[in-house]
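Please look over the structure shown here. A few points for a reader new to the structure follow.

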Amino acid sequence: MIKNRKKKSYTSVYALGQYISMSAHKARRVIDQIRGRSYEEALMILELMPYRGCYPIFKLVYSAAANASHNKGFKETNLVISKAEVNQGNTVKKLKPRARGRSYPIKRSTCHITIVLEDISFYQQYEEYLMYLKKPGCSNENRNLTCHDTYSSGGLWDKK
């Protein structure tokens with residue numbers, strides 16, 4: 001049997017909340033609003049939304065950011081929610097006593113929420129490096145990201 005291994009991503013950090021006492025449908029309603037947004041914007045949205053499911057999701061986003069800053073040393077201003085998913089958890093079944101010795105079943109649904117934050121500063125540095133390589137007069141051999149332009153560096157064209 002071949003096992004699929006997850007690739008290690010050096011720019012992403014996650015937080016996982018399991019058995020949160022809320023239906024997956026209600027949690028998805030909140031998660032869809034913050035997916036793809038920056039960390040700070042997501043916190044503002046979660047604070048101002050009137051749903052009960054916002055508080056556990058707020059705690060998860062905050063926890064994922066704390067993991068990112070403590071474990072990987074990322075800055076919170078560069079974090080973006082790259083992946084947010086909600087899966088259905090176990091259903092807690094209870095019996096409520098009713099009149100004349102009867103009982104009434106109660107089903108409390110739970111969900112598992114995963115929040116993945118990604119550091120976008122890595123991608124910005126990569127784009128800057130690609131733009132550097134496209135400049136005229138810059139070769140691929142120079143990897144120290146300093147480009148010497150012949151027009152302003154005292155080269156051939158500056159002499160009068």
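1. Of the 160 residues of the chain, 29% are buried (under 20% relative accessible area with a 1.4 Å probe, protein chains only; exposed is over 50%, partly exposed in between). The accessible surface is about 12400 Å², and carbon and sulfur atoms hold 52% of that surface (Shrake-Rupley method, 1.4 Å probe).

2. This is a predicted model, in which local features need pLDDT of at least 70 and side-chain atom pairs count only at pLDDT 80 or more, while totals for chains, interfaces and linings use all residues. Residues are numbered from 1 along each chain as its sequence is written, and side-chain values use heavy atoms, with hydrogens and water left out.

3. The chain has 4 helices and 3 strands, in the order β-α-α-α-β-β-α from the N terminus (DSSP runs: helices are H or I of at least four residues, strands E of at least two, numbered from the N terminus).

4. The largest nonpolar core has 30 residues, and Val61, Ile113 and Ile115 touch the most other members (buried Ala, Val, Leu, Ile, Met, Phe, Trp, Tyr and Cys joined through side-chain atoms within 4.5 Å). Helix H3 (54–72) is among the elements that each supply at least two residues, and H3 gives the largest share, 7 residues.

5. The buried residues of H1 are Ala24, Ala27, Val30, Ile31 and Ile34. They line one face of the helix, because they fall within an arc of 130 degrees seen down the axis of H1 (taken from the directions from the helix axis to the C-beta atoms). After H1 comes Gly36, with a positive phi near 85 degrees.
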